[in-house]
Amino acid sequence: MTERDNLIEQVAPDSLLRALEPAQLEELLRSSNRRDLKRGEVIISQGDDVGDFAVVLLSGSLKISMVSVNGREIILNYCSPGDVVGEITLLDSGPRTASVSAAEPSSVLVIPAPAFEQVALTNPASMIGLLRAMASRLRQLNRVVESDRAFSMAPRLARAMVRLLDPEDRENGKLRHNPSQGDLGAFAGLARENVNRLLAEWEDQGIVERNGRGLEVREREYLEFLAEFGDD
């Protein structure tokens, strides 16, 4: 299996790129360029008028965030290898709605807009898949909005932490992407002080364990129940 074949297998199944035929995806990746990022380096900036590329994460971790009208940072998501970001702008040519930065040293593949348009938008058979992928993104956004409005602080933090656990490895309680307490609060929509208070309570109860900056979940089932049903 070639390096390109490995990369094709690595692309996340819910990505817009997965809507492409295998030959189209291979052609697109062939037209892309690799770039290495330092921790904290920004590759996409909120508000940029020109969205002429998308990014495939090869290794490391990316943070997707935006600054609200009151100046508060909101972390929308974290990306793992195989995830694609910035592709929505390739479709609507609008300004960037969020920023993307490296949560740790990372390598990415930069996909230029002309290459994407050549392989995707000129093939009608790909459009249904693209629409389905966008509908899936909209459903995910609706779940995030519902969480912010319907749940109190503890369930919101639990939901954020569950999203950061590896769904394929239930024995491992370490949070992916190693977020700071400030980032965890921005991800859950909570102030850092509230995150610190809740984590201290959960640590006393044996639900989580803190090791310096690292955080490990000891009672995963409890957090999953809290995330799903709230604390009422």
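Where does H177 sit relative to α6 and α7? H177 is in the loop between the two, with α6 covering 153-163 and α7 covering 181-188. Keep in mind that this is a predicted model. A few points on that loop and two other spots follow.

1. Most residues other than glycine have a negative phi. As for accessibility, H177 comes out at 14% relative accessible area, which makes this residue buried, because the cut-off is under 20%.

2. N178 belongs to that loop between α6 and α7 too. Phi is positive here as well, near 45 degrees, and N178 is not a glycine either. With a relative accessible area of 40%, N178 counts as partly exposed, whereas H177 is buried.

3. Over to S106, which is in strand β8, residues 106-112. Buried or exposed? S106 is buried, at a relative accessible area of 4%.

4. What does S106 touch once its neighbours within four places in sequence are set aside? The contacts are R35, D36 and L37, then L57, and then S59, G60, S61 and L62.

5. Last one: I88, in helix α3, which spans residues 88-92. Relative accessibility is 30% for I88, so this residue counts as partly exposed. The C-alpha atoms of I88 and F53 are 9.9 Å apart, with the two residues 35 residues apart along the chain.

Key. Residues are numbered from 1 along each chain as its sequence is written. This is a predicted model: local features need pLDDT of at least 70, side-chain atom pairs count only at pLDDT 80 or more; totals for chains, interfaces and linings use all residues. Side-chain values use heavy atoms; hydrogens and water are left out. Helices (H or I, at least four residues) and strands (E, at least two) are DSSP runs, numbered from the N terminus. Buried means under 20% relative accessible area, exposed over 50%, partly exposed in between (1.4 Å probe, protein chains only). Contact means heavy atoms within 4.5 Å.
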